[in-house]
Amino acid sequence: MDRMLSSSGLVCPSVRRVPPFLYILLGIFLFIVVVTTPRQTVDLSNAGKIGDDPRAKTWKPVVVPTFEPKVEPPKIEVVPETPVPKKAWDTLDGIGYAFEKINTKWTKTSPCDSVFEGIDIVPMANLHETKWTILPTCKEENIMVTLGIGHDTMAEEKLNITLPNTKFFGADPIIEPNRQLYTAFGKYFPFAIGKKPGFTKCRVLPNQNQKTRKYEFQDVTTIPFTYFLSDILGLKQIDIAWIDIEGGEFEFLDQLHRGGPMDKKGIVICQFNLEVHSKFHPPGAQVFHDFVFKVLDDKRYVFLKPAATDVGVHRMFFINLENEQCVRKFLQ
Ligand SMILES: *[C@@H]1O[C@H](CO)[C@@H](O)[C@H](O)[C@H]1NC(C)=O
């Protein structure tokens, strides 16, 4: 008790010695200081006078900072020791982004593939790649959709012969020769497939580049993925889909997930071949990664035959193990 009194006793007597009017004076002084000090805030009191200014019509009612820094920040010259190589994330040059190397680790899936030993996964060779197909176990009509024809319908023609009762629907923004090739066995649609309707730059193979197979970026009309399948084609079940659209796939891959737009429209895909082109859309590498993990999470599709065909280009074959009609038609 004694100690507490003495320690507080150091402060209290000195407080008592200050006459109260000094506090009042100090208060007034602080008030004056606060009121008269110029503030670094926006003065809106002139806002009403803007109308007097001839420029008023072009003025927007935005807050104009009244205090511009007068002193420019010192310029720091950065001299790179070696010239920084141009990272071609802008892939509109048609060359594509140079990923470091082909990632082949994940292509060693033979232990998993052996689960499907009893199922005949038939190759349908195109000029430039192989599409995989599980043939139906019944004689029903089949629906086949090609997104991205790419001047090459060899695989479709094989399928047309193997499964004569198949309806083919193909979309590609480059009309000739795709229209001519595809109408030999199916219905051709002259647009690109994407997420939103629009007019965007897409990587396409122009007719005059058939020999060189040099893809270019061109403005093309884009039709939404689910709108095409559901509203234009009126489909509920697509037995076989081949998707190879040179980077446009990242727009709608997530629509295939559980509870997504495809589910909401009640459209099912039983099996599909997908080619993924991060090379021509580098941010797509992340989209593809997320897609694969969500597919695993959903437990709707299994994917087989993964192939790394080029740096930043991947292929795989997806089988729907969930939908009863699909399972009955292709796996039982
Ligand atoms: C596709 O199949 C149909 C029916 O079997 C046949 O008439 C047609 O000639 C085929 N087309 C091609 C290009 O193979």
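**View 1. Asparagine 126 lies in the loop between β1 and β2.** Helices (H or I, at least four residues) and strands (E, at least two) are DSSP runs, numbered from the N terminus. The structure is a predicted model, in which local features need pLDDT of at least 70 and side-chain atom pairs count only at pLDDT 80 or more, while totals for chains, interfaces and linings use all residues. Residues are numbered from 1 along each chain, as its sequence is written. Asparagine 126 is partly exposed, because 19 other C-beta atoms lie within 10 Å. A residue counts as buried if 20 or more other C-beta atoms lie within 10 Å of its own, as exposed if 12 or fewer do, and as partly exposed in between, with C-beta atoms placed from the backbone. Not counting residues up to four places away in sequence, asparagine 126 touches Lys131, Asp152, Met154 and Ala155. Two residues are in contact if their C-beta atoms, placed from the backbone, lie within 7 Å. From asparagine 126 to glutamate 156 the distance is 8.1 Å, C-alpha to C-alpha, and the two are 30 residues apart in sequence.

**View 2. Helix α5 (residues 154-162) has Ala155, Glu156 and Leu159 buried.** Seen down the axis of α5, these buried residues fall within an arc of 100 degrees, so they line one face of the helix. The arc is that of the directions from the helix axis to the C-beta atoms. The cover over the buried residues of α5 includes β1 (121-125), β2 (130-134), β3 and β4.

**View 3. The ligand is surrounded by Glu157, Asn160, Ile161, Pro164, Ala184 and Phe185.** A residue is near a molecule if its C-beta atom, placed from the backbone, lies within 6 Å of it. The shell around the ligand divides into four nonpolar residues, one polar and one charged. Ala, Val, Leu, Ile, Met, Phe, Trp, Tyr, Cys and Pro count as nonpolar, Asp, Glu, Lys and Arg as charged, and the others, Gly among them, as polar.

**View 4. Seven strands form an open sheet with mixed pairing.** The strand order is β5-β4-β3-β9-β10-β12-β11. β5 (187-189) and β11 (301-310) stand at the edges, each with a single partner strand, so one side of each is left without a neighbour in the sheet. Neighbouring strands of this sheet are turned by 15 degrees against each other on average, direction ignored. Axes are lines fitted to C-alpha atoms, for helices over the stretch in contact, and angles run from 0 to 180 degrees between N-to-C directions. Two strands pair if DSSP finds at least two bridges between them. Strand β3 (residues 142-147) and strand β4 (residues 166-171) run parallel and are joined by six bridges. Isoleucine 143 has lysine 167 as its bridge partner in β4.

**View 5. Asparagine 142 has its place in strand β3.** Asparagine 142 is buried, because 23 other C-beta atoms lie within 10 Å. Not counting residues up to four places away in sequence, the contacts of asparagine 142 are Pro136, Leu163, Asn165, Thr166, Asp239 and Ile240. Isoleucine 238 is 96 residues from asparagine 142 along the chain, and their C-alpha atoms are separated by 7.8 Å.

**View 6. Helix α7 (residues 225-232) has Phe225, Thr226, Phe228 and Leu229 buried.** Down the axis of α7, the buried residues fall within an arc of 165 degrees, so they line one face of the helix. They pack against β3, β4, β6 (192-194), β8 (216-224), β9 (237-243) and α8 (261-265). Glycine 234 follows α7 and has a positive phi, near 65 degrees.

**View 7. Strand β12 (residues 313-320) is mostly covered, with eight of its eight residues buried.** Val313, Arg315, Phe317 and Ile319 point one way from β12, while His314, Met316, Phe318 and Asn320 point the other way. Strand β10 (residues 268-277) runs antiparallel to β12 and is joined to it by seven bridges. Histidine 277 stands opposite valine 313 in β12. β11 also pairs with β12 in the antiparallel sense, over seven bridges. Here phenylalanine 303 stands opposite phenylalanine 318 in β12. The hairpin of β11 and β12 has two residues between the strands, and in this hairpin glycine 312 takes a positive phi near 85 degrees.

**View 8. The protein chain comes to ten helices and twelve strands.** Of its 332 residues, 29% count as buried. Among contacts between residues at least 6 apart in sequence, 67% join residues at least 24 apart.
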